[in-house]
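Subject: Structure handover

Hello,

The sequence and structure are below. My notes on what was found follow after them.

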Amino acid sequence: MIESKVIKSDVHLPFMLAGNALFKVYSSRTNTSVIYQITSSKDTDLWFVSVQYEYNNTADVFNTIKFAYIGTITGRLNFKHTKGSKVASTSKTFKGFAWLWECVTSNKLPDFIHISHMTRCAKCGRRLKTPESIARGFGPSCWKSVSKKVKDLTTKLKEA
Ligand SMILES: [Zn+2]
């Protein structure tokens, strides 16, 4: 099994937008989980969302997870279907993330949804070592640089 650790709700957004976010979304209502990856563009405020498309319980190595691109998060933090999306905008996969994104950005995530990281730093992707780092989902230096970004994001959401 892949190790995972629940992310506190106030860190959901900064975690997801940190640049190398890998996380599992588990629903205790349906008893299903999906793994997402969100990477960022280097030059502009754009994020690319991918979903794990090959799920099997023997995939116990990080590198064996395969992802398919499903859509883009814009600078205004809207999730959009694009030409390159590997799933239809009407698909369950696309709608699933759109729903999750809406919940996270409006701070209305239901209690039955649990978001966990996979013991990798959301910013640099390196394995987290200390209990502190594991608890927050970021290594020490990445966490420092993220705290400013968190303020910017909060402002952005208020403006939207
Ligand atoms: Zn890091």
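A place to begin is helix α2, where Lys-92 and Trp-99 are exposed on one side. Please keep in mind that this is a predicted model.

Which residues of α2 are buried? They are Phe-94, Phe-97, Leu-100, Trp-101 and Thr-105. These five are on the same side of α2, because they cover an arc of only 130° around the axis. Lys-92 and Trp-99 lie on the other side. Just after α2 comes Asn-107, with a positive phi of about 60°.

Now the chain as a whole. The protein chain has four helices and seven strands, and along the sequence they run in the pattern β-α-β-β-β-β-β-α-β-α-α. Of its 160 residues, 25% are buried. If we take contacts between residues at least 6 apart in sequence, 46% of them join residues at least 24 apart.

Next, the strands around β2. Strand β2 (residues 20-27) pairs with strand β3 (residues 32-40) in the antiparallel sense, over eight bridges. In this pairing Ser-27 is opposite Thr-32 in β3. The two strands form a hairpin with four residues between them, and Asn-31 in the turn has a positive phi of about 55°. β2 also pairs with strand β7 (residues 113-117), again in the antiparallel sense, over five bridges. Here Val-25 is opposite Ile-115 in β7.

In soluble globular proteins, nonpolar side chains tend to be buried together. The largest nonpolar core here has 29 residues, and those touching the most other members are Phe-15, Ala-21, Phe-23, Tyr-36, Ile-38, Val-49 and Phe-97. Two or more core residues come from each of α1 (12-16), β2, β3, β4 (47-52), β5 (67-73), α2 (92-105) and α4 (140-159). Which element gives the largest share of this core? It is α2, with four residues.

Ile-38 is one of the core residues named above. What is Ile-38 in contact with, leaving aside its neighbours within four places in sequence? The list is Met-16, Leu-17, Ala-21, Trp-47, Phe-48 and Val-49.

Regards

Terms used
Residues numbered from 1 in each chain as written. Predicted model: local features only at pLDDT ≥ 70, side-chain atom pairs only at ≥ 80, totals over all residues. Buried ≥ 20, exposed ≤ 12 C-beta atoms within 10 Å, placed from the backbone. Contact = placed C-beta atoms within 7 Å. Pairing = 2+ DSSP bridges. Core = buried A, V, L, I, M, F, W, Y, C linked by C-beta atoms within 7 Å. Arc of directions from axis to C-beta.
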